[in-house]
Amino acid sequence: MDRIFLSPPDVGPVERQYLLDAFDSGWIAPTGPDLDAFEQEVAQRIGWSGAVGLTTATAGLHLALRELGVGPGDDVFVSSFTFVAAVNTVTYCGGRPVLIDSDASSWNMDPDLLECALSEAATNGRLPSAVVVVDLFGQCADYDRITALCAEFEVPVLEDAAESMGSTYRGRPAGTLGDIGVFSFNGNKVMTTSGGGMLVVDDVEVAERIRFLATQAREPADHYEHTTVGFNYRLSNLLAAVGRGQLTRLDELAKQRCEINRAYRRAFDRVEGLHFMPVPEWSGWNGWLTCVYFDDASRRDAVRAAMAEANIESRALWKPMHLQPLYADVPVYERGVSTSLFETGLCLPSGSGLTDAQLDRVISTFCAADS
Ligand SMILES: *Cc1c(COP(=O)(O)O)cnc(C)c1O
């Protein structure tokens, strides 16, 4: 039977046309008008003035941390329950990550633990240079509480919105909830450019400086003139064209993922000891991945094995960074929430292109394994 993927790209004639138009325009090497337009369209959508198209969100997080002044020896607080990129970029800057666990009500950074960590850091005279808040599985964290705390301690907030393009927090767009935001357009996200990312900031001068750093820090001159170490992090014009096509469909793509989530909820309504990722009242979620967890880890393992057997891709939730061998030695504030979710949770196929027949196959495989 054909393989059902967790979250494959959903592209079609709209994106194809944008891509071919860019190709035919001759703007191949490597920036061009589609990149400028893509940046403007994203900025317009989220209502901020600056947007810089980049090769990846990882590149965006790296440049954002640099912009916030993170350097050797600095502490940076980061969500522990996440993909490794958010933490690695702290390491790129020579900083020390301090990991903060999630709360059970949103699966995102626990504001109580953050408060505790900030107070201790203030007492020790070692406040972090930044707090990196991840919008996990596309759902925004509780920014009213988090940004109030960070303002009190005068620490900037970097929003890792890699997964949350199209989501909202109390009606405000994801990406605009901290001082700088970073989106990913990797192939597994709600919208994709194949691979790509974007840094957003409500300050055109900062955006211009980031663009400069992302383009090898080439000074304006006839020859190659350099006074700063730069990076080669710019998104290509052709990929930006794909992104422009996806952006016209973003609301439809997110809606479709939320429909799939509703279908799973209906199907598993009566299953005891099975729970879905909570969606708090303030969250306007893009539906990126449907995530469930069991009271009993052995049931999760049985379902996952049956899915693999049936050629269906499913995956455990993120393994928290404080459990990773790579970050075993960094400080962590945790209360077991993400550890438990890692042991009992599962991501289900959630792609916006999932057909009804594929969804039925996932649900029947799940139910047969969990009966
Ligand atoms: C996907 C992802 C990233 C990295 O995005 P890339 O564009 O692949 O670099 C970073 N953080 C989180 C939370 C992600 O899910």
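## Two domains

The C-alpha centres of domain 1 and domain 2 lie 25 Å apart. In this predicted model, domain 1 covers residues 13-248 and domain 2 covers residues 250-369, with bounds that come from an automatic or database domain assignment. Where they touch, 49 residues of domain 1 are in contact with 38 residues of domain 2 (contact means heavy atoms within 4.5 Å).

## Around the ligand

Let's turn to the ligand.

## Polar contacts and cover

Which side chains place a polar atom by an oxygen atom of the ligand? T58 does so at 2.5 Å, S184 at 2.7 Å and K189 at 3.4 Å; a polar contact is a pair of N or O atoms within 3.5 Å. On its own the ligand has 390 Å² of accessible area, and the protein covers 92% of that (Shrake-Rupley method, 1.4 Å probe).

## Reading the numbers

Residues are numbered from 1 along each chain as its sequence is written, and side-chain values use heavy atoms, with hydrogens and water left out. As the model is predicted, local features need pLDDT of at least 70 and side-chain atom pairs count only at pLDDT 80 or more, while totals for chains, interfaces and linings use all residues.

Notes
A polar contact is a pair of N or O atoms within 3.5 Å; within protein, one must be able to donate a hydrogen and the other to accept it, and residues adjacent in sequence count only if both atoms are side-chain atoms.
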